[in-house]
Amino acid sequence: MEKKKSDRSLNSSSKASLNVNVKEMGKMITLSPPTTRANLEDITKELHCQLCHDWFHRPVMLSCSHNFCKTCIEKSWKHHQKTVCPECLIPCPNKSYIPNTVLERLVLRMKDLPLNQGPPQCKEHGESLKLFSKQEGKLACFQCKDVRHSQEFMQITEAVHVYTGKMTITQAQVEANLKELQRLKCMQEEAICANKDITAFLGSLEKGIEVLTPRDFISRELCLGIFKGPIQYMMWKEMESILCPGLCLITLDPKTAHPNLVISEDRTSVWHGDIKQMIPDNPQRFDSSVAVLGSEGFTKGKWYWEVEVIRKTKWTVGVVRESINRKGCCPLTPMDGFWLLRLRNHVELKALDVPSFSLVLKCSLSKVGIYLDYEGGQVSFYNAEEMSHIYTFSSTFTEKLLPYFCPCLNDSGGNIEPLSIIHPFGKSSDKH
């Protein structure tokens, strides 16, 4: 209560003395007769704290009307353990003071005055910059000239005159070049307009049409067995030998499968089971990632295979190095030997590159195509239904690569569908 009373009394006694118009004080400074530097130094000295000898920062006024920086007076009281004015030693009951916002605004106005900023100083010698160095192309002081013993110095006014002349000459050259470019532009536009006549072009088209007369190349008699039958399959059989790469035959390697994974009899489908199988924990087997590798490895050539992922909510497929860590968890990045594409939440597709590449599917993805060019250092993923490109990894391969399949957890039946490898000789076995 005593502190509040003292604060109120201090406020009431000080407001009258603080009721000063900052703009009027600024006018008194700026509209008075020309102020010499000595006068300016006297004025600015009054706007400096007596404790830190610098411009007032967040100034406060004590009950004795003396002003100090808020931080300075608090440090002084804490250091001396006496709540008195450092200047007049009058006690300050309850460490009371009020912010002097008028003084704070006045300090900001004074600091912005051009007279207060002074001429630019040499950072090296602390003297005024009154010379121009032709060699360095910047302002310098007389000490710079003495230290460098160079004749390449001139007065600033002389430098302004010299370089103004050079700029005038350069400006004239630029304007002349601009006029020449404008002239060439007009000539080019005239030449284009002169060649807009398309009569000759149309004439050449008519001659070409006359040459392309209809030919009697359609047989009147068509063999139904040849032209009406399983044409697509017959074309596939004819093209199969020249397709490179064709759809390659890949099977799963049970020795690498996580104990919870179930693999079909023909080793083309895999899904996650609730029961962990009692099988040997050999060095090739995954013990943390719910994954399995392909039996076939690649050390050269170009290869393409497709994986059916229909009705699955999440999965991960791709290519890995044979030497990857199969025990515990590790980063699934190309630096660690993984080139993978994964799906989460039905539509969130991500290529696990650095940085990763993410996209949201607008429609469901039923088959993923995977293309490997070993010598070319390429792993690409496609929407196999329409062969639209999804993502491409670029790298350098130096060891055997293996296909990677992760059906992920079945989520209590929400992700029970298998990952199935599409075989070139028919659809892969379905899960029973």
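Start at the largest pocket. Its lining residues divide into four nonpolar, five polar and three charged. Here Ala, Val, Leu, Ile, Met, Phe, Trp, Tyr, Cys and Pro count as nonpolar, Asp, Glu, Lys and Arg as charged, and the others, Gly among them, as polar.

A word on the source: this is a predicted model, where local features need pLDDT of at least 70 and side-chain atom pairs count only at pLDDT 80 or more, while totals for chains, interfaces and linings use all residues. Residues are numbered from 1 along each chain as its sequence is written, and side-chain values use heavy atoms, with hydrogens and water left out.

Now select the lining of the largest pocket: Ile-43, Lys-45, Glu-46, Leu-47, His-48, Gln-50, Phe-56, Ser-65, His-66, Asn-67, Glu-87 and Leu-103. A pocket is an open set of points on a 1 Å grid over the protein atoms alone, where a 1.4 Å probe fits, with protein on both sides within 12 Å along at least five of seven lines; lining residues have an atom within 4 Å of a point. Helix α3 (residues 37-46) gives the largest share, three residues. Helices (H or I, at least four residues) and strands (E, at least two) are DSSP runs, numbered from the N terminus. The space in this largest pocket is about 270 Å³. Grid points are joined across faces, edges and corners, and the volume is the space filled by probe spheres set on the points.

Move to the second largest pocket, with about 230 Å³ of space. Select Ser-289, Val-290, Leu-332, Arg-344 and Cys-406, the closest to its centre of the 15 lining residues. Two or more lining residues come from each of β12 (338-344) and β18 (401-406).

Next, select Lys-314, in the loop between β10 (302-308) and β11 (315-321). Is Lys-314 buried or exposed? Lys-314 counts as buried because its relative accessibility is 19%, and buried means under 20% relative accessible area (1.4 Å probe, protein chains only). Its side chain makes a polar contact with the side chain of Asp-411 at 3.1 Å. Such a contact is a pair of N or O atoms within 3.5 Å; within protein, one must be able to donate a hydrogen and the other to accept it, and residues adjacent in sequence count only if both atoms are side-chain atoms.

Last stop: strand β19 (residues 419-422). Leu-419 and Ile-421 point one way, Ser-420 and Ile-422 the other, and all are buried.

Terms used. Buried means under 20% relative accessible area, exposed over 50%, partly exposed in between (1.4 Å probe, protein chains only).
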